[in-house]
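Here are some exercises to work through with the model open beside you. Try each task before reading its solution.

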Amino acid sequence: MKQRIGVFVCHCGINIASTVQIERVVEAIKEYPGVVHAEDYEYMCSDPGQGMIRARIKEKNLTGVVVAACSPTLHELTFRNVTALSGLNPYRCEMANIREHCSWIHKDVDKATKKAIKIIKTIVEKVKLNEELTPLSVPITKRALVIGGGIAGIQSALDIANAGYQVILVEKSSSIGGHMAQLSETFPTLDCSQCILTPKMVEVAQHKNIKLYNYAEIDDVSGYVGNFKVKIRLKASYVDWSKCVGCGLCIEKCPTKVASEFEQGLAPRKAIYVPFPQAVPNKPVIDREHCRYFKTGKCRVCEKVCDLDAIKFDEEDDFVEEEVGAIVVATGYEVYGVQNIGEYGAGRYKDVVDGLQFERLLSASGPTNGEIRRPSDGQIPRRVAFVSCVGSRDPELHKPYCSKVCCMYLAKHAMLYKHRVPDGQPIIFYIDIRSDGKGYEEFVQRAQEEDHVTYIRGKVSKIYEDNGELVLLSADTLAGMPIELRCDLVVLGMAICPSSGVDELTKKLKIQTDANGFLTEAHPKLRPVESLTPGIFIAGCAHAPKDIPDTVAQASAASSKVLEMFGQKELSHDPMVAWVDEDLCSGCGVCISLCPYDARELEIKEGKRIATVKEILCEGCGSCIAGCPAGACQQRNLDDKQVIRMVETVLSRG
Amino acid sequence: MKVLYYPGCTLKTSAKNFEDSAVASLKVLGVDLVELERWNCCGTVYSLASDDLMHKVAPIRNLIRVKEQSNGDDRVVTLCSMCYNTLKQANEFFKEDEESRDKINNFMDREIDYNGDVEVLHLLTLLKEEIGFDNIGKKVKNKLSNLKVASYYGCLLLRPQNSAIDNAENPTILEDLFTSLGIDTVDFPYKNECCGSYNTVNAVDLVVERTYKIINSARSFGANIIATSCPLCQFNLDRRQKDVKDKYYDFEEMPVVYFTQIMGRAFNVKRKSLGFDLNYIDPVPLLQENF
């Protein structure tokens, strides 16, 4: 068949046009064998651009389309859809990347133009040999797994469950609620965190579509989009929750006290404990590391006092397997440790607390019942300094990024402190005030004007203890004066980091993290809640530091992506997968060891060992093709003939 | 053990007591500090301006002298914090910036080409890592039990990161040394705060304020003597106490010595080598046990 290929060159505004001479490209490519039409437009991805392609396919009876524009990761799908709408097989359309691979990285206009022409010719050669393909179809298991029971996980689970699909929610601690359950009041409306969160926690526990595994962790994940198999480790709680009614007698009688994680170390808990009174589910677990019986072999007091025989010291970790079609990762954050900040005492000073500790001091259910008292001596602090950007925005020593919520919660802390201690003096040290949410700037203004919070622009260089007071050394950079300030309590707005253990989890899920350990989205603007692995979505602070409104919005967005998937009958899978020329395959099995997706396996066909391809698992990475010693493995629309033609074209003169 | 030693200008003049006490103490530890022949000015802080290669010539020339005299042991020990910092930073710069390295090497066409392979050590690092604080403890003859030493680091031992001999925010190397000598130490927050540095020339009052703060802070945390390794810090904290006293009549003076003077006293080296006559506030009454 004689090829009739159309080439469409995009200016991408000035992204391409400022470095590549579009006119010259069009002129050169028009003459190229097989090309019957070449045309340019400012924005090929826009409606007029797409319309142009559709019209030319029909008018010129094109058999192939090359769009010379950006990276295929951005718009390949867009243009293949355009091609399909015009009745041409979408796999007869390819992108020639003259932006990321050419205009963005070069300055010399002449050379860049020549390179762009080369790139386009190469892709024209590829399209000439492209087969017409049909996407593969994959069945979907319409159940979702949500990892993490903080506000992101809760919101995501509820959204999916309310749409009528089953959700497996896995939380590593014994109660859902996450860090939000620790907060006192929330900016910018000052509504109580418990009042808005606990009803949602109860809803999760009672929802007929949600199966909650608390005190559990992900052990292993296999499978692929639509068909994941998940092995979940149910950690031994040493309490039979089916018998326990939550009377609390065991907790009361337990002789061992440990610093409470929920109270951020400001109050003790017992070795058998429920993290906080509003916990869901409200069932205790035994902390094996601190339990007297597990440490010394003697005690068993909890067992003696339990009338229901719910204590089971011989319990072991259990495993369950679940099949799901989609996974939402909402593993949240932890606060960067004060021990990393030598100039603020590295955790030596009791009255230097972090933001979450101050939340507990403010909380009506906290260790001081909401009265603000210093951890060291229980006195009411008369002057409190709040320090922002501790560990954040410090690429040399700590974290390079902005932790996003500290400006706002410190304003809230100062405001709430002033409400509780009206004659107290709150002082905030800041670098910049970042109050970019709805109602946020007004909130900061209110802190300054109505609650008389003093804002000083300057980093704190040192904090030390002197005679029961804390001394802060800083500078007022607006007045140009050094500052030495004595105060009773210091609250540090510590950086927010990904939860520990996320690293291990991402390896099991085969999803990426960035340099700071946060989960990477598929595209920072256009695909913000998807991971690069199909079927795995991300939400909340696991992705980047964010406040509650943003977290909830992102969680709902992730659920809507899951629901978009569940709304389809089946999933389609890219057909550009590996295939095997069975006459050439010797059944050596090299491909099986090379395949990262378990897509290759050996079969006996007519008495001969053949390495076959499980097409649904194949991601078209090409490892097996490069590794096959017989050249029996090929990839659809990227076979040896095509690759050799493309290489020849790149290396040819002109 | 013999090791090359770069003194610098101050150690031959107002800080002669630093040099003498170091040389005498190290002899006790079996270390011979061999003075570099034909050394020149370290370059002081001028060479730290990164955009001016001319000022790097002085420190690099010293390092070339080390190469010439080293017999394969390419190490040089410094005592003065500022010499240490200047030589160390110039050397680090030379290792990293190939283009500037070539330029300076071409400029100094009568010298051998240098590529940054001399190791610049501060005496404290040598004591800690080569000799070991445990071994130092074994040489103690005098228990200086009435001392409460506040270690003052200043800035040049700790910053920038590529030249720091210890954690910049919470250094302990001096305290560790004194502990091994059986001497009580106090931790005080101003141990790494600025002494005022060269402002002592044209903004005396600024330095007076710093000295007042630093010494009062050391005293409030229980110290009766301050130890340092920087001649400029020593000058500001010691000599400026006269001006502090003029300004604050209730100010109580405190001796400020080099750490080697205390170490020498603990080893019971000859009083002459400790050079206490160069200290402005007399430390002898505190150190006179068994003198």
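Two residues are in contact if their C-beta atoms, placed from the backbone, lie within 7 Å. Keep that cut-off in mind, and remember that this is a predicted model.

**Exercise 1. A helix pair in chain B**

Task: Find how the axes of α5(B) and α7(B) cross, and which residues of the two helices meet.

Solution: 
- Step 1. Locate the helices: α5 of chain B covers residues 123–131, and α7 of chain B covers residues 173–180.
- Step 2. Their axes come within 11 Å and cross at roughly 55°. That angle makes α5(B) oblique to α7(B).
- Step 3. For the hand of the crossing, α5(B) and α7(B) give a left-handed one.
- Step 4. By the contact cut-off, Leu124(B), Leu127(B) and Lys128(B) of α5(B) meet Ile173(B), Leu174(B) and Leu177(B) of α7(B).
- Step 5. Sorted by class, this contact has 5 nonpolar, no polar and 1 charged residues.

**Exercise 2. A helix pair in chain A**

Task: Repeat the analysis for α2(A) and α3(A): at what angle do their axes cross, and with which hand?

Solution: 
- Step 1. Take residues 47–59 of chain A for α2 and residues 72–85 of chain A for α3.
- Step 2. The two axes come within 9 Å, with a crossing angle of roughly 40°. α2(A) and α3(A) are therefore oblique to each other.
- Step 3. The crossing of α2(A) and α3(A) is right-handed.
- Step 4. On the α2(A) side the contact uses Gln50(A), Ile53(A), Arg54(A) and Ile57(A), and on the α3(A) side Val82(A), Thr83(A) and Leu85(A).
- Step 5. The class count for this contact is 4 nonpolar, 2 polar and 1 charged residues.

**Exercise 3. Helix α5 of chain A and one of its residues**

Solution: 
- Step 1. Now turn to Ile154(A), which sits in α5 of chain A. A residue is buried if 20 or more other C-beta atoms lie within 10 Å of its own.
- Step 2. Beyond four places in sequence, Ile154(A) is in contact with Gly149(A), Ile176(A), Lys200(A), Met201(A) and Val204(A).
- Step 3. Glu203(A) lies 49 residues from Ile154(A) in sequence, with 9.2 Å between their C-alpha atoms.

**Exercise 4. Helix α11 of chain A**

Task: How many residues of α11(A) are buried, and what do they pack against?

Solution: 
- Step 1. α11(A), residues 406–420, has 15 residues and reaches 21 Å from its first C-alpha to its last, close to the 21 Å expected.
- Step 2. Of those 15 residues, 12 are buried, so α11(A) is largely enclosed by the rest of the structure. Among them are Cys406(A), Met408(A), Lys412(A) and Tyr417(A).
- Step 3. Their packing partners in chain A are β8 (185–186), α10 (355–362), β21 (383–390), β22 (425–430), α12 (440–449) and β27 (489–494).

**Exercise 5. A loop serine in chain B**

Task: Where is Ser163(B) found, and which residues does it touch?

Solution: 
- Step 1. Ser163(B) is in the loop between β5 (148–151) and α7 of chain B.
- Step 2. With 21 C-beta neighbours inside 10 Å, Ser163(B) counts as buried.
- Step 3. Leaving out residues up to four places away in sequence, Ser163(B) touches Asn85(B), Lys88(B), Gln89(B) and Glu92(B).

**Exercise 6. The wider view**

Task: Describe chain A as a whole, then the contact between the chains.

Solution: 
- Step 1. Chain A has 17 helices and 34 strands, and 43% of its 654 residues are buried.
- Step 2. Between the chains, 5 residues of chain B are in contact with 6 residues of chain A. The chain B side has 1 nonpolar, 3 polar and 1 charged residues.

Methods: Residues are numbered from 1 along each chain as its sequence is written. Chains are lettered from A and ligands numbered from 1 in the order in which they are written. This is a predicted model: local features need pLDDT of at least 70, side-chain atom pairs count only at pLDDT 80 or more; totals for chains, interfaces and linings use all residues. Axes are lines fitted to C-alpha atoms, for helices over the stretch in contact, and angles run from 0 to 180 degrees between N-to-C directions. Helices (H or I, at least four residues) and strands (E, at least two) are DSSP runs, numbered from the N terminus. Angles under 35 degrees count as roughly parallel, over 145 as roughly antiparallel, 65 to 115 as roughly perpendicular and the rest as oblique. A crossing is left-handed if the near helix is turned anticlockwise from the far one by less than a right angle, and right-handed if clockwise. Ala, Val, Leu, Ile, Met, Phe, Trp, Tyr, Cys and Pro count as nonpolar, Asp, Glu, Lys and Arg as charged, and the others, Gly among them, as polar. The expected span of a helix is 1.5 Å times one less than its number of residues.
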